[in-house]
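These are my notebook entries on one structure. I set down what I looked up, entry by entry.

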Amino acid sequence: MVVTPLVRGWKRTFSGDGVVLSIPEGRIQIRPSITPLRPIAEIWPSRIPAGGQIEGPMTITNADGDYGVIVNATSGTDQVTVAILYGEYAYTLIEGHTNDATQHATFLDAVRRLAHEHSLGLGIDRRRPYFYDPPPGWSGIARPASTLWLAPDCGVTRAVLEVFHSRPNIATIGSLNHRRLFQQLPREYGDQRPSEPMAIKNRFGMQGQIVTNAATLDGVDVKTSDAALIHGPNLYLLRLETPAELHDAHLAVLVDAAVSVRPLPVAAAAVDVLIEWF
């Protein structure tokens, strides 16, 4: 491992909710685990100089594969760089400020590197939400480890699409128990054989298949189709459930959502360079 000093002479000060790194030319504040979650547009505009030149927000990822953004704003000799990293329930804010024009590039690089090397401490083998295109006109309801989408006429058709958070494609005691509690179909689906798998390939090169099961629940014949995609170490599962006679009419909703799934960033395999911060 190579250790390199990006800026020499940082002074580290602990604040009430984080750490401040400072040199005479400026400071960088790191505030981890801020709650509640807030949209990006509510965070950075109030933290940058008015009337300046703005670069971003630009999407970034840290070494663990978590999503974030970075914004850089300059006004004369004043520069503010804001980086935000998002977890499922909290975010980290990294804010650099310098009024020395000769230090602009250095501070921008420092905030960028700090964001990349900052770990949210959530682990890389956890259940995580991901980006996809929701069905147009359907209403979303957040659940503990999934999002439930209701058709516009759900009160009549009972058509729902559930997009589960990604999970590691390995079997552990915890993952098996979670699947039994939150994902496993009820035993009524075991009375009929599932359909032959239908292969799918989405726009981002992910491979998968769709399997349909049928059952009678509370006197109603229903069909449930599961679309499962695999990318790297993660499995992505989407589920469509409708009355049997309406299943084929709604199957395209499941296919369109599965085709749009963006794979999560893969965590860095190893650290080869470490910045010396103080």
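**Entry 1**

I looked up how β7 is connected to β8, and found a hairpin that joins the two through four residues. This model is predicted, and I read every entry below with that in mind. Strand β8 covers residues 91–98, and its pairing with β7 is antiparallel, over eight bridges. I then turned to the other partner, β6 (residues 67–75), which runs antiparallel to β7 and is joined to it by eight bridges. β6 and β7 also form a hairpin, with two residues between them. In that turn I noted G76, whose phi is positive, at about 65°.

The bridge partner of G68 in β7 is L85, and the bridge partner of L85 in β8 is T92.

**Entry 2: aromatic pairs**

How many aromatic pairs does a search of the whole structure find? The search gives five. I examined the pair of Y86 and Y91: the ring centres are 5.9 Å apart and the planes stand at 40°, so I recorded this pair as tilted. A plane angle under 30 degrees would have counted as stacked, and one over 60 as edge-to-face.

**Entry 3: helix α4**

I checked the length of α4 against its residue count. With 13 residues (247–259) and 1.5 Å a residue, the helix should span 18 Å; the end C-alpha atoms are 18 Å apart, so the model agrees with the expectation.

Next I listed the buried residues of α4, which are H247, H250, V253, L254, A257 and A258. They cover an arc of only 130° around the axis, and I therefore place them on the same side of the helix. On the face turned away from that buried side I found the exposed residues D248, A249 and D256.

What covers the buried residues of α4? I found that the cover includes β11 (160–164), β13 (198–201), β14 (207–217), β15 (220–231) and β16 (234–243).

**Entry 4: nonpolar cores**

I looked up the largest nonpolar core, which has 25 residues. The members that touch the most other members are Y130, W138, L161, L238 and V261. I noted that β10 (146–150), β11, β15, β16 and α4 each supply at least two residues of this core. The most comes from α4, with four residues.

I then listed the contacts of V261, leaving out residues up to four places away in sequence. V261 touches Y130, F131, Y132, N202, F204, M206, L229, Y236 and L238. I also found a second, separate core of 17 residues, which includes L21, I28, I70 and I94.

**Entry 5: backbone geometry**

Two cis peptide bonds went into my notes. One runs from T35 to P36, with omega near -5°, and P36 is in the loop between β4 (26–34) and β5 (53–61). Another runs from G56 to P57, with omega near 5°, and P57 is in strand β5.

R158 has phi near 60° and is in the loop between α2 (154–157) and β11. With a relative accessibility of 46%, R158 is partly exposed. D218 has a phi of about 55° and is in the loop between β14 and β15. Is D218 buried or exposed? At 81% relative accessibility, I recorded D218 as exposed.

**Entry 6: T157**

Last, I looked up T157, which lies in helix α2. Not counting residues up to four places away in sequence, T157 touches A151, P243 and L246.

Methods:
Residues numbered from 1 in each chain as written. Predicted model: local features only at pLDDT ≥ 70, side-chain atom pairs only at ≥ 80, totals over all residues. Heavy atoms only, no water. Expected span 1.5 Å × (residues − 1). Buried < 20%, exposed > 50% of the residue type's maximum accessible area, 1.4 Å probe, protein only. Arc of directions from axis to C-beta. Contact = heavy atoms within 4.5 Å. Phe/Tyr/Trp six-rings, centres within 6.5 Å; stacked < 30°, edge-to-face > 60°. Pairing = 2+ DSSP bridges. Core = buried A, V, L, I, M, F, W, Y, C linked by side-chain atoms within 4.5 Å.
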